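Work through the two exercises below with the sequence and the model open. Each task is followed by a solution in steps.

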Amino acid sequence: MKFTDEIARRRTFGIISHPDAGKTTLTEKLLLYGGAIQEAGAVKSNKIKKGAASDFMEIERQRGISVSTSVLAFEYDGTKINILDTPGHKDFAEDTYRTLTAVDSVIVVVDVAKGVEEQTEKLVEVCRMRNIPMIVFINKMDREGKDAFDLLDEIEQKLGLRVTPLSFPIGMGYDLKGIYNIKESNVNLFAGENSKDIHNTVAVKDVQDPQLDSLIGSKAATTLREELELVEGIYPPFDSEEYLSGKLQPVFFGSALHNFGVRELLDGFIDIAPTPRAKKAEERTVLPTEKDFSGFVFKIHANMDPKHRDRLAFIKIVSGTFERNTAYKHVRLDKNMKFSSPNAFFAEKKEIVDISYPGDIVGLHDTGNFKIGDTLTAGETLHYKGIPAFSPEHFRYINNADPLKSKQLNKGVDQLMDEGVAQLFTLELNGRKVIGTVGALQFEVIQYRLEHEYGATCSYENLNVHKACWVDTADWKSDEFKDFARVKSKFLAKDKRNQLVFLADSSFSLQMTQQKYPSIIFHFVSEFDRLSGM
Ligand code: G4P
């Protein structure tokens, strides 16, 4: 197959939702269509169960599963589909943000009864900021839930989206009769709880076709006709360009549990979802069709076997082909590296592959060379943008609890930070180390992993920080900056990339500082266009 055809047949995406909306169930049904798994229940949920006996043990269990569900790839109808897994638990939100830098589009799952929930709002906001094309899947239509129009309204209001339904439900819950496919004018009849049959679609000429009345009853047919008229009046027609540029979001309805409306979603997705997209590097924009390989690390999975310090770095291929046993340039280290056993992912298995294409993910065995955000190329110096760190929510001093093990502790902390488990800040004043995390759970994870994987013990000490702000100014030698650095010296730290960070202890002090030093800019993400060099 030609290189360009290989690119054109690839779809790399993520499924995002608030926990319990049905992401795992939907993923599993998609895999069933691809023939990648044979039975329902085969995909293990990687979510952290509520009320687990011990949170961090649960996380370890989850880590074991999540290496196998990080990338779920399968073939469907000549299309190569790569689903990138995104943790639903809010404490791992930063993991999800990073994974979103490697997807070309997303499917947002919304529970029909619960509507838009908190995690959905946050994740969609990140996608919106990056203009990632989004399809919305309204799930659990077999249950009583919100009225379809009210829900579409809520999605527009709360998520700031502009939606257009491509399918429409006929009834809901107990009364669910089917789904009308607006694009193809056919009706998928809902055969009820016990249906295993997934091919019960009946084509009708259009919504006026009298056959509809006999299929779903004339009352439901009349309601559907009225509702579709409203849909046409209210919502813009589907426009591929607008969808691809993140300005319009098509909506599908269904029930993942009953495998209902899932095939329509999958077929619709393949039809409209983007092929691997161009990506901006600091130097230039790189097209997937370029001959030379380039890619970047968006995830690192470490130490599944504590006896071997083994890590798997996940690389998204942006351009060219990635080939086994070929030398590539690790741009940050300015070093050529060869990989004899790159892994590709198929459903829940990984296998060594000789060649991978743009859109694909390869897993490279690593002994500590990679950090999240690193770029690999065929030789060109490129730095891919867009893996920012956000201000953590929780901050604690980390202390070494065993003076004989300080080397182990430093190495462990270093590697865990490269993996993106948390962020490390070193105070300017006294060199003390502060760990910042998104969720309180990570402190336990770090402590547990330091002990079990590195043989180091640590203790924590509370530190009152409201927000970490990355500092920038046009003139680092100005009197204003010098005054700021002197007055706030207690609150200044360096992050792992040696960028200056202000650890504001309250929103009030941040506000006052901003007012007092107007020439200093405080950023809430680590990546921004600099006003000057440092
Ligand atoms: P998540 O990955 O987004 O967290 O959600 P997951 O798929 O695990 O689904 C959460 C719960 O919702 C599960 O029930 C699942 O069976 C149910 N569910 C998913 N899709 C549908 C649907 O279309 N209709 C209905 N009625 N339920 C659905 P659970 O009882 O929490 O878990 P389990 O014991 O069934 O695994």
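**Exercise 1: the ligand shell**

The shell around the ligand has four nonpolar, seven polar and six charged residues. In this count Ala, Val, Leu, Ile, Met, Phe, Trp, Tyr, Cys and Pro are nonpolar, Asp, Glu, Lys and Arg are charged, and the others, Gly among them, are polar. The model is predicted: local features need pLDDT of at least 70 and side-chain atom pairs pLDDT 80 or more, while totals for chains, interfaces and linings use all residues. Residues are numbered from 1 along each chain as its sequence is written, and side-chain values use heavy atoms, without hydrogens and water.

Task: find which residues are closest to the ligand and which helix gives the most to its shell.

Solution.
1. Of the 17 residues around the ligand (a heavy atom within 4 Å), the closest are D20, T24, T25, D142 and S255.
2. Helix α2, residues 23-33, gives the most, with three residues; helices are DSSP runs of H or I, at least four residues, numbered from the N terminus.

**Exercise 2: two helices**

Task: describe how α2 packs against helix α10 (residues 262-272).

Solution.
1. The axes, lines fitted to C-alpha atoms over the stretch in contact, are 10 Å apart at an angle of about 75°.
2. α2 and α10 are therefore roughly perpendicular, a term for angles of 65 to 115 degrees.
3. Contact (heavy atoms within 4.5 Å) involves L26, K29, L30 and Y33 of α2 with V262, R263, L265 and L266 of α10.

Key. Axes are lines fitted to C-alpha atoms, for helices over the stretch in contact, and angles run from 0 to 180 degrees between N-to-C directions. Angles under 35 degrees count as roughly parallel, over 145 as roughly antiparallel, 65 to 115 as roughly perpendicular and the rest as oblique.
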